[in-house]
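Here is a protein model to read together, in questions and answers.

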Amino acid sequence: MAKLTVSDLDLKGKKVLMRVDFNVPIKDGVIGNDNRIVAALPTIKYVIEHGGKAILLSHLGRIKKEDDKPGLSMRPVAERLSNLLNKPVTFVPTTEGKQLEDAIDGLNDGDVLVMENTRYEDVKDGEYVKRESGNDPELGKYWASLGDVFVNDAFGTAHRSHASNAGIAANMAQTAAGFLMEKEIKFIGGAVDNPEHPFVAILGGAKVSDKIGVIDNLLAKADKILIGGGMTYTFYAAKGIKIGNSLVEKDKIDLAKEILDKAGDKLVLPVDSVVAEKFDNDAPHKTVEGDVPDGYMALDIGPKSIAEFEDVLKSAKTVVWNGPMGVFEMSNYAEGTLEIGKFLGTLTEAKTIVGGGDSTAAVQQLGVADKLSHISTGGGASLEYLEGKTLPGIAAISDK
Ligand code: ADP
Ligand code: MG
């Protein structure tokens, strides 16, 4: 069933609790990159332009002891938000109590308030009590009492059951998705639950063990699964192809065999690789078909594999991509990832979806992100979504 979204709500004069993802990189109080704050702006603007009072909650980093708190205050984030919105933002340096409640009571329609890092609640009087991360029911109930409606726009934490997402929602009459969350549900949820065929998955990255859940789930749904990246060579080992010094998970070779048997010709392995003498951009390297020679490690897929993958992809209507095709961080082994990314950009009739932390970084770094339909904002969350798991943060959003 379709989920309720912020545009379904009557916001005028309402205290709108909003779980956003302001988990930005921060060092000595300086924000390294404000992409996540910028990404949250459409939903925040929508709420205030429709007369809501926006009360924003987010976590920032991990807090395990009192000393972690000062460096992870939300204050600089509130200041940056104020600059980006070009209007005052009230920052409340606490997560509960009279100061917070009074500040909320004092809000006018269209005002914005940011409360302190929700994970301050994980440490109380020096003790690691995990009230936020452990979804303490009293905390979710308390936060819920501060607002009239709840908007969850933090996909990055949707795979966790925390007080600030599932906890608040459990105590709210209505929880709606923000625009970012709505897009993740539409694209990743849509691909997993109801893909337009042909549906092709591209799975790469370092390890098979990280991706077993995704492979299993997508084998049942996709028409083809293209394998690249480091995990290729565990599959090679399972097929008796030589792998040289390539990355391999010896304890997963049997599992790779099982997957190959189950998948039949649905699973497509690279036919050639770029192999190097060392894990080093400047090491001597060459392209080989099949067997990886002794003394070499495979660090990218080769040109024949790229052409074969493109041949499968060209008729696809849905493409989900998780995991780079090679060690894209080094320019000599970035070709496979770059070419596949560029090719996806030409598939204007298809939904092209990228999930996964490094995969997202790869398409952004290589400059191919703009042409794709959806780049997920959550690494861990997108993986669990692709595994077919129920994400507590999404499950807690009301149905339309
Ligand atoms: P994601 O975060 O998108 O899920 P992963 O974490 O699974 O992706 O994998 C990303 C990492 O895999 C990258 O750091 C990349 O360098 C590495 N990788 C890709 N291909 C290879 C390879 N052939 N050998 C070793 N590492 C590889
Ligand atoms: Mg990763």
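Domain bounds come from an automatic or database domain assignment, and on that basis the protein is divided into domain 1 (6–180) and domain 2 (187–386). This is a predicted model, in which local features need pLDDT of at least 70 and side-chain atom pairs count only at pLDDT 80 or more, while totals for chains, interfaces and linings use all residues. Residues are numbered from 1 along each chain as its sequence is written, chains are lettered from A and ligands numbered from 1 in the order in which they are written, and side-chain values use heavy atoms, with hydrogens and water left out.

Q: How do you know that domain 1 and domain 2 are in contact?
A: Contact means heavy atoms within 4.5 Å, and by that criterion 6 residues of domain 1 are in contact with 9 residues of domain 2. The C-alpha centres of the two domains lie 36 Å apart.

Q: Why is the pair of Tyr46 and Phe179 called edge-to-face?
A: Rings of Phe, Tyr and Trp (its six-membered ring) pair if their centres lie within 6.5 Å, and planes under 30 degrees apart count as stacked, over 60 as edge-to-face and the rest as tilted. A search of the whole structure finds 3 aromatic pairs. In the pair of Tyr46 and Phe179 the centres are 5.3 Å apart and the planes make an angle of 90°, which is edge-to-face. This pair links distant parts of the chain, with Tyr46 in helix H1 (residues 35–49) and Phe179 in helix H6 (residues 179–193), 133 residues apart; helices (H or I, at least four residues) and strands (E, at least two) are DSSP runs, numbered from the N terminus.

Q: Why is Tyr46 called buried, and why is Phe179 called partly exposed?
A: Buried means under 20% relative accessible area, exposed over 50%, and partly exposed in between (1.4 Å probe, protein chains only). Tyr46 has a relative accessible area of 18%, so Tyr46 is buried, whereas Phe179 has 26% and is therefore partly exposed.

Q: What makes the pair of Phe155 and Tyr385 tilted?
A: The ring centres of Phe155 and Tyr385 are 6.0 Å apart and their planes stand at 40°, so the pair is tilted. Phe155 is in the loop between strand S9 (149–152) and helix H5 (163–169), and Tyr385 is in helix H13 (residues 379–386), 230 residues apart. Both Phe155 and Tyr385 are buried.

Q: Which residues does UniProt list for "binding site"?
A: The unreviewed UniProt entry lists Arg36, Arg119 and Arg160; UniProt positions are given in the numbering used here, feature names are shortened, and annotations may be inferred rather than shown by experiment.

Q: Why is Arg119 counted as buried, and why is Arg36 called partly exposed?
A: Arg119 has 10% relative accessibility and so counts as buried, whereas Arg36, at a relative accessible area of 33%, is therefore partly exposed. Arg36 lies in helix H1, while Arg119 is in the loop between strand S6 (112–115) and strand S7 (123–124).

Q: How do you know that the side chains of Asn281 and Ser331 make a polar contact?
A: A polar contact is a pair of N or O atoms within 3.5 Å; within protein, one must be able to donate a hydrogen and the other to accept it, and residues adjacent in sequence count only if both atoms are side-chain atoms. The side chains of Asn281 and Ser331 are joined by such a contact at 3.2 Å.
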